[in-house]
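Biologist: I've got this one on my screen and I'd like to go through it piece by piece. Let's start with the strands.

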Amino acid sequence: MKNCKFGVFGYPITHSLSPIMQTAAFDALGMSNCEYKAYAVEPGNLMEEVLKAQAENFCGLNLTIPLKEKIIETGLIIPDDFSKKAGAVNTLHFKGGKDGEIYGYNTDAKGAAKALEYAGCDTFGKKILIIGAGGASKSISLYFGEAGNSLKIINRTAEKAQRLAEEIAEKTGNVNVFGGGFESGWDDLKEADVIIQTTELGMGKYEDVSVFDQLSLGKDETNNKTKDEMKDELIRECLENKTVFDIVYNPEETKFLREAKAAANVRALNGMMMLVFQGALSFEIWTGKKPDANVMKEAVLEALRSKSRHESE
């Protein structure tokens, strides 16, 4: 593969660590002639920019928020079965040069599954609770729905979770997919073997908020416990010896993960390895080569540490 260009489209895009991660993967395989950059692309310009990339002989692209669903609407691409069902594509592969076809894939959900496997979590036959009903939740729910897992999807707006659950059940034929609101959250946490947090809570302007803050603590009949003590007790009761996965990777430890680890003996993981594995799967689609996931992981870690040092100065 000579002088091939790759990139990630999104809006905004300055936060993306994909260029650092993918460049490290190319360099490790002696493919430093391949170029991977981030491009700010607004939804209204997506079709034009994808066609421009094709004309410039790009070999592949990643798409991030808010373009994953929009690309299917353009009619430019041929999505694979999974991404068609998910209604979202994060990887484009240009085949046949300027006049060839553009194929679309979704590596997010498989990336999440591989991150759990990497952390030592066997999801086969496990009950999975997915918190949130947005785009990430949809692809992850579809993946585990197809795998036959029993799923519960909860969301602040219960109707949205219920609609998503019905959609996943219909598309997968899995009758053990249910949706609801946060009012049953503690019971849902207790019933699950694996908890996957897919909302934006814990990042950006919501950095000081966790899902646990959204759940009712009930009443303290003894009148001698603080709210934090009540919350810790419920977390310990519901999460002990379970796997807790927050797909957020910046910050490295969200309040949700921090509270879970402090109160209970849990296997906790953030979204960094999901980022790495979805990127590695994209790399393999484009090049036919398996990149070194550990090289990609170290590149991401160093970028996060550098950002942290810069912010503390």
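Biologist: Which way do strand S7 and strand S8 run, parallel or antiparallel?
Modeller: This is a predicted model, where local features need pLDDT of at least 70 and side-chain atom pairs count only at pLDDT 80 or more, while totals for chains, interfaces and linings use all residues. Residues are numbered from 1 along each chain as its sequence is written, and side-chain values use heavy atoms, leaving out hydrogens and water. Strands are DSSP runs of E, at least two residues long, and helices are runs of H or I, at least four, both numbered from the N terminus. S7 (residues 127-131) and S8 (residues 150-154) are joined by five bridges, and they run parallel.

Biologist: Which residue in S8 stands opposite Leu129?
Modeller: Look at S7 and S8, joined by five bridges. There, the S8 residue opposite Leu129 is Lys152.

Biologist: What angle does the direction of H6 make with that of S8?
Modeller: H6 packs on the sheet and touches S7, S8 and strand S10 (194-197), where contact means heavy atoms within 4.5 Å. Axes are lines fitted to C-alpha atoms, for helices over the stretch in contact, and angles run from 0 to 180 degrees between N-to-C directions. For H6 and S8 that gives about 165°.

Biologist: Which strands are at the edges of the sheet with parallel pairing?
Modeller: Two strands pair if DSSP finds at least two bridges between them. This open sheet has six strands, in the order S9-S8-S7-S10-S11-S12. The ones that pair on one side only are strand S9 (177-180) and strand S12 (267-269).

Biologist: Which strands are at the edges of the sheet with mixed pairing?
Modeller: That one is also open and six-stranded, with the order S2-S1-S3-S5-S6-S4. Each edge strand pairs on one side only, and they are strand S2 (35-40) and strand S4 (78-79).

Biologist: Which strands does H1 touch on that sheet?
Modeller: H1 packs on the sheet with its direction at about 170° to that of S2. The strands it touches are strand S1 (5-10), S2 and strand S3 (58-63).

Biologist: Are H1 and H11 oblique or perpendicular to each other?
Modeller: H1 (residues 18-28) and H11 (residues 272-287) pack at about 50°, with their axes 10 Å apart. Under 35 degrees counts as roughly parallel, over 145 as roughly antiparallel, 65 to 115 as roughly perpendicular and the rest as oblique. The pair is therefore oblique.

Biologist: And why are H5 and H6 described as they are?
Modeller: H5 (residues 108-118) and H6 pack with axes 8 Å apart, at an angle of about 65°. Therefore, they count as roughly perpendicular.

Biologist: Which residues of H6 make the contact with H5?
Modeller: From H5, the contact uses Asp108, Ala109, Lys110, Ala112, Ala113 and Leu116. Across from them, H6 brings Ser139, Ile140, Tyr143 and Phe144.

Biologist: How many salt bridges does a search of the whole structure find?
Modeller: A salt bridge is a side-chain nitrogen of Lys or Arg within 4 Å of a carboxyl oxygen of Asp or Glu. Searching the whole structure gives 17.

Biologist: How many residues apart in sequence are the parts tied together by Lys138 and Glu167?
Modeller: Their side chains meet in a salt bridge, 3.1 Å from N to O. Lys138 lies in H6 (residues 135-146) and Glu167 in helix H7 (residues 158-172), so the pair ties together parts whose separation in sequence is 29 residues.
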